[in-house]
Each structure stands twice: as C-alpha cells, then as structure tokens.
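Here is a short briefing for a reader who is meeting this structure for the first time. Please look over the sequence and the model before reading the points below.

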Amino acid sequence: MTTSNTSRVPTSDPQPPPTVLAEDVRPPTLVDRAQRLLHAQATLGPAGVLLLTIVAFSVIAPNFLAPTNISLILQQTAVIGTLALGQTLIILTMGIDLSVGSIMVLCSIVMGRLSADFGVPGPLALLVGLACGMACGLFNGVLVTRVKLPPFIVTLGSLNIFFALNLWFSRSETVRGTDMSPVLMWTGQVLTVGGMRLTYGSLLMLAICGLLAYALHRTRWGRHVYATGDDREAARLAGVRVNRILLSVYAVAGLVYAVGAWILIGRIASASPQAGVMDNLDSITAVVLGGTSLFGGRGLIIGTVMGALIVGVCRNGLSLAGVDVLWQNFAVGVLVILAVSLDQWIRKARR
Amino acid sequence: MTHAPWTRRALAAAAGTGLALSLAACSDAGAEDGEVLVGLITKTETNPFFVKMKEGAEEAADEHGVTLQSFSGDYDGDNESQVQAVENLIAAGADGILITPNDSEAIVPALDQARAAGIMVIALDTPTEPQDAVDATFATDNFLAGEYIGQWAAAHFEAEGVDPRVAMLDLNPNQIAVDVARDQGFLQGLGVDIADPGQIGDEDDDRIVGHDVTEGAEEGGRTAMENLLQRDPDINLVYTINEPAAAGAYEALNAAGVAEDVVIVSVDGGCPGVENVGSGILGATSMQFPLDMAAQGVDAVVEYAASGETPEPTEGLDFVNTGVELITDQPMDGVESQDSAWGLDNCWG
C-alpha cells in the first residue's frame with residue numbers, strides 16, 4: 001500500500017500525482033480489489049469472519065454444527081445482540097453509550113417488580129418497562145444535545161444513576177419469574193423448527209434488527225442519522241435538525257435496551273439486579289466486530305448482529321472444544337483488535 | 001452559548017442540594033465522647049449478601065445502643081473507597097472496624113494505621129493477606145460448605161446406584177480464594193482426588209465433565225450449563241458456586257428437557273435459593289450466615305470497647321467460624337442437614 005497522496009516528498013519510487021489517469025498506471029492488485037470491495041460492502045468483513053469462525057469450529061469442536069447448538073448460540077446472543085443494536089445507533093452518531101447495561105437492568109427490575117409485587121397486569125408492566133427504557137435514553141439524549149456534554153461523560157454518569165435506581169427499586173433482591181406474569185416470560189418460550197430450538201427472544205432480536213435496518217436505510221430519518229454521525233456541522237448546514245435526530249436516536253436506543261430487558265427476563269426466568277452489569281462493554285465489542293466505525297457515520301445494523309454472533313460462536317465453540325475461559329477472553333480480545341485494524345485498513349481504500 | 005440557561009441553573013441547584021445533604025449527613029455522624037462507634041465496610045452495596053450483613057450490623061448496633069457507620073466499595077475490587085472509609089473511621093475515633101476487604105493485600109497498610117490508633121479490626125467473610133493483619137476473622141468455612149454438598153451428592157448417587165457425571169460451574173477465571181475453597185471442598189466431599197487444593201481444574205477424575213465460569217449470575221450460569229450440556233448430554237450432577245448461577249443452570253437444563261434427571265447443588269443460603277430447594281430445583285445448598293457474622297462482629301467490638309479483649313479463633317481453625325448448615329429436603333444417612341422450612345426461617349440469618 002504505497003499509493004498515498006499525502007506526501008509530496010520525492011522518494012526512490014516516485015508516484016505520479018493521484019489523478020484518474022494515474023490510477024490506471026498501476027493496475028489494482030487482488031488486495032486492492034478486496035479492499036475496495038470491503039469498503040463498498042460494509043457487511044462483507046463481519047460476514048466473512050463469521051463464516052470463517054463457523055467453519056473453523058465445525059472442524060475443531062464436536063457437536064458444533066448440530067441444529068440444537070446453532071439455535072443455542074442464537075439464544076446466547078439474543079440479549080447482547082439486542083443491546084448492541086441500540087448501541088449501534090448511538091455509535092453511528094459518533095457517540096458511545098456506557099449506560100446500556102444499567103438501563104437494561106433497571107427496565108427488567110421495573111417490569112418484574114410491577115408484575116410480581118404490585119399486581120400490575122403483564123402487558124401494562126411491559127409497557128411501563130419499555131417507557132422506562134425510552135425515558136432513560138431521553139435523559140442521556142437531553143444531556144448530550146441540550147447541555148452539550150460528550151456522550152462518554154453523560155453515559156458514564158448515567159450508568160451510575162440508573163444502576164443506583166435499580167438497586168433502590170429492587171432492594172437488591174432478585175424477582176423470580178414464577179411470580180411474574182407469563183407475558184414477561186414469553187421471550188423465553190421456544191419455537192421448534194427443524195431441530196432448532198428458537199426462543200421468541202432470539203427471534204425478537206432478529207425482528208428488531210430488520211426494523212432498524214429498514215429505518216436506517218430506507219427512511220429519511222435513517223439518512224439523517226448517518227449524516228449527523230458523518231459530519232454534524234455539514235448535516236446542520238444541509239438542513240438536518242441535528243439535535244432532534246440525536247434525541248430520537250437516544251430514545252430509540254433506550255427503547256431497544258428495554259426490549260433487551262424483556263429478552264433477559266425470558267432467558268434467566270427472573271429479574272436480577274445484578275444481571276448484565278458488564279454488558280456495556282460486550283455490546284460495544286459486538287458493534288465494533290460488526291464493522292461499525294467508532295468514528296461515526298459508517299456501518300450497517302446487520303453487521304452488529306453478526307458481530308454479536310461472532311463472539312457467541314467463538315465462546316461456544318471454544319467451550320465445546322474444552323478450552324479454558326481465560327483463553328476465550330484472550331480470543332475475543334484478539335478479534336476486537338483485528339476488527340478495528342481491518343476497519344482502519346478499509347478506510348484507506350483507493351477510490 | 002445562549003441555549004437553555006435553565007439546565008445550568010437546575011444543575012447548580014442539584015449540586016447545591018447534594019452538598020447540603022452530604023454536609024447534613026456528616027454532622028450527625030461521628031462518635032461523641034464515651035459512645036462506642038463501630039465502622040462497617042462492605043465490598044459493594046449491590047450484593048444482597050452484603051445488604052444482609054449491613055442489616056445484621058444495624059440490628060446489633062441498635063441492641064447495644066452503639067453508633068454504626070457503614071461504608072462500602074463502589075464495585076467488587078474497589079480498594080480505594082475502602083481505604084478512604086478506614087481513614088474516615090480513624091478520624092472519627094472508631095472503636096472497631098468490621099471490613100470485608102475488596103483487595104486482601106492492598107488494604108493492609110490502611111488497617112495497620114487503624115490498629116496503631118488503637119482500633120480493633122475484624123475481617124468479615126474474606127480474610128486479609130496476611131491473615132494476622134487483623135485482630136480476628138469472622139467467616140464462613142467455604143471449604144466445609146463445599147464439602148457438605150459434595151458429601152450429600154456422593155450419598156445421593158450411591159443410594160441411586162448411579163455414577164455421577166459432574167459439571168463444575170465456577171465463579172471466574174481468577175481462582176480467588178472463595179471460589180477455590182468451595183470447588184475443592186465439593187470435590188473432596190464427593191470423593192475426588194483434588195490434587196493441589198489451591199488449584200481449580202487440576203483434577204484428572206473422569207467423572208468430571210468440565211468446568212465453566214458463571215460470574216456468579218443467572219445469565220452466566222445458564223450459558224455455562226448450555227455449553228457443558230452440549231459437550232456431554234449425560235451430565236447428571238451440577239456443582240454451582242452460588243444460587244443465582246444455580247438458577248441459571250436450572251433454566252438451561254429445563255430448556256434441554258433434562259431438569260428431572262440432573263441434581264444441582266450450590267452454596268449460599270439466600271432466601272430465593274432456599275425456596276429453590278423447597279421446590280426441588282436445587283438438591284442441596286450450604287447456608288452461610290452473613291447477618292450473624294456482622295452481628296457477632298458488632299458484639300466483639302462492644303466487648304473490646306468495654307474490656308479491651310479481642311476474639312479467639314474457633315478451635316482447629318485460624319478464623320472464627322460463623323457457621324454453615326446443609327439445607328436439603330432429601331436427607332442422607334450420615335450427612336447432617338436441615339430441611340428447607342428451617343432454611344426459610346433462617347435464610348442468611
């Protein structure tokens with residue numbers, strides 16, 4: 001990769017100025033083509049990595065390709081995957097959300113306690129829980145757009161605020177699923193399809209992915225989100241109401257986290273004040289592995305689900321192969337660094 | 001910056017109120033002359049185990065008519081906040097400090113200062129390193145807690161005439177003392193050669209299917225159990241580090257349709273866990289007594305303030321054993337236990 005046009009200093013191998021003609025002087029190599037293709041098709045990278053890990057583990061780990069195991073990975077990915085979908089929206093606007101885990105736990109406790117301890121009907125408890133997630137998101141959004149604080153700082157603070165509220169409201173006690181309305185536990189129900197045991201929770205994650213993909217790629221709102229993330233000032237000058245877009249992004253993200261809370265309740269058959277505390281970092285991992293740039297404005301929502309699946313596949317596969325957890329963490333860390341390096345490299349693609 | 005001056009005013013008002021509140025909180029704390037002041041420093045505010053501990057200390061302090069000041073770390077492993085808490089208690093002229101150290105080694109210099117100031121220090125639940133950095137340690141015998149459920153499981157499987165296929169659901173990869181003691185105690189009770197008792201996973205008994213970690217939470221317990229089941233569907237005995245992990249493991253077994261055929265054992269003795277023993281989800285659990293632990297600690301400080309005497313360790317141990325009870329509704333010959341009804345009356349007492 002020597003075709004940089006940033007340096008005018010002549011070298012032993014001087015390059016002609018980067019004109020359209022100059023591009024033709026050196027025919028693009030196979031690597032160049034790959035780089036350009038990856039640049040044009042943002043999901044190709046994560047899809048390739050996902051495919052590669054699946055192939056690798058189907059060779060290494062016995063039982064890996066069994067339909068039950070494939071559906072298991074989907075189940076195991078559902079909570080983090082959903083959180084990561086909300087996180088993707090925020091990262092697309094060049095933000096970051098550290099409060100995801102806290103918002104989810106708070107919502108699950110609100111849903112669980114309303115239903116189990118206050119006798120609120122299941123659907124209503126669910127709605128209040130979803131509204132709670134949205135309100136948390138709006139709280140972050142207002143601080144970002146009105147008080148003009150950096151998202152990192154806002155969500156670092158609200159992480160603690162939401163978590164404290166969760167402990168207060170839950171009295172640090174787990175709410176058992178058997179005490180709750182079946183509506184809240186619905187996400188844990190299983191749909192059997194050809195040997196696969198799909199929970200409604202994992203299907204819900206895929207549905208939200210579809211909805212968000214549509215909203216981001218087929219609506220004006222979606223184009224404005226990308227524009228805001230790419231260059232806020234330019235977007236503003238072009239007539240995008242940047243603050244409104246940001247506020248809506250934080251609210252929608254909060255709502256998505258609340259759906260994550262619903263999925264979590266189904267998965268662990270309870271609402272625990274301790275669950276998901278560390279999920280903020282895992283959700284960022286999934287977004288990064290999914291090819292969404294931490295520098296805003298670039299990425300696809302489908303990549304995020306793939307990113308979450310890559311982590312799920314690795315952990316499950318390594319575990320089936322009997323690898324110590326220590327090395328599972330090591331592998332995920334290596335993957336993240338590789339993914340960001342790939343992102344950086346793709347950004348340098350010759351046009 | 002013309003936008004929204006109200007937000008800044010609101011923030012300023014909030015900050016002002018917060019400051020006023022914390023000043024008010026400070027002014028009525030601190031020991032007056034002649035009054036006994038006990039300090040309690042727990043690991044976090046979040047774990048119900050420590051919430052119970054705080055309750056126990058508050059009740060005991062009320063009973064004795066002494067003042068209690070509680071502190072905690074911000075997160076598991078937060079040494080800094082605990083050091084600050086010790087410093088505050090020294091400044092307040094405390095008579096005794098009860099602490100569950102987040103970092104057993106790093107807290108020692110702060111505790112040395114406290115003891116140099118004539119304060120008695122008791123480690124609750126988690127020992128310091130070295131252990132003699134405190135005047136006494138009040139703790140659950142975690143190895144024994146594990147051993148009880150191991151013995152119970154061994155008796156259960158012998159009675160059924162089945163060989164156990166064991167899944168081990170541990171805490172995390174760090175091999176911390178509590179995790180190691182429970183894991184190794186369980187295997188010893190089950191009759192496995194545990195090789196190095198300070199090391200998880202160095203056994204080569206083929207009854208053990210595998211180890212995985214749970215972070216002591218439901219979600220982790222479920223995922224770990226799913227993966228181990230996928231590795232070997234014949235698992236029939238599951239050891240879990242604590243009851244939330246056990247609840248998660250049960251969900252995985254239930255989803256796989258094998259919950260009926262698998263026995264889960266655990267350690268903790270929290271009320272939800274005891275309820276799970278009652279409903280047959282858990283085969284047995286070892287109960288600890290955090291409420292008692294803290295109450296005994298407060299008693300010891302009151303005693304120390306009156307007579308200057310520090311507590312003696314339990315015979316044969318280097319700490320004061322605050323007790324462990326096996327809770328099960330399927331009692332086995334030769335293994336002492338209590339049923340879940342007794343457990344519900346005493347959960348985390």
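How much of the chain over residues 325-346 of chain A is helix, and how far apart are the end C-alpha atoms? Over that stretch chain A is 100% helix and 0% strand, with 31 Å between the end C-alpha atoms, where helices (H or I, at least four residues) and strands (E, at least two) are DSSP runs, numbered from the N terminus.

This is a predicted model, in which local features need pLDDT of at least 70 and side-chain atom pairs count only at pLDDT 80 or more, while totals for chains, interfaces and linings use all residues. Residues are numbered from 1 along each chain as its sequence is written, chains are lettered from A and ligands numbered from 1 in the order in which they are written, and side-chain values use heavy atoms, with hydrogens and water left out.

**Chain A**
- An unreviewed UniProt entry gives chain A the feature "transmembrane region" at several stretches, including 85-112 and 325-346; such annotations may be inferred rather than shown by experiment.
- Over residues 85-112, chain A is 75% helix and 0% strand, and the end C-alpha atoms lie 23 Å apart.

**Chain B**
- Chain B is divided into domain 1 (5-140 + 290-311) and domain 2 (142-287 + 324-346), with bounds that come from an automatic or database domain assignment.
- The centres of domain 1 and domain 2 of chain B, taken over C-alpha atoms, are separated by 33 Å.
- UniProt, again in an unreviewed entry, places "domain: Periplasmic binding protein" at residues 38-308 of chain B, a stretch that is 46% helix and 18% strand, with its end C-alpha atoms 14 Å apart.

**Where the chains meet**
- In contact (heavy atoms within 4.5 Å) are 24 residues of chain B and 33 residues of chain A.
- The buried area, meaning the accessible area (1.4 Å probe) that two parts lose on being put together, summed over both, is about 2600 Å² between chain B and chain A, and carbon and sulfur atoms give 51% of this.
- Of the area that chain B buries against chain A, B:E218, B:E219 and B:Q230 supply 24%, more than any other three residues.

**Salt bridges and contributing elements**
- Three salt bridges (a side-chain nitrogen of Lys or Arg within 4 Å of a carboxyl oxygen of Asp or Glu) are counted between chain B and chain A.
- A:R176 and B:E275 meet through their side chains in a salt bridge, at 3.1 Å from N to O.
- Elements that give two or more residues to the side of chain B touching chain A include α1 (5-27), α7 (218-231) and α9 (271-278) of chain B, and α7(B) gives the most, with eight residues.
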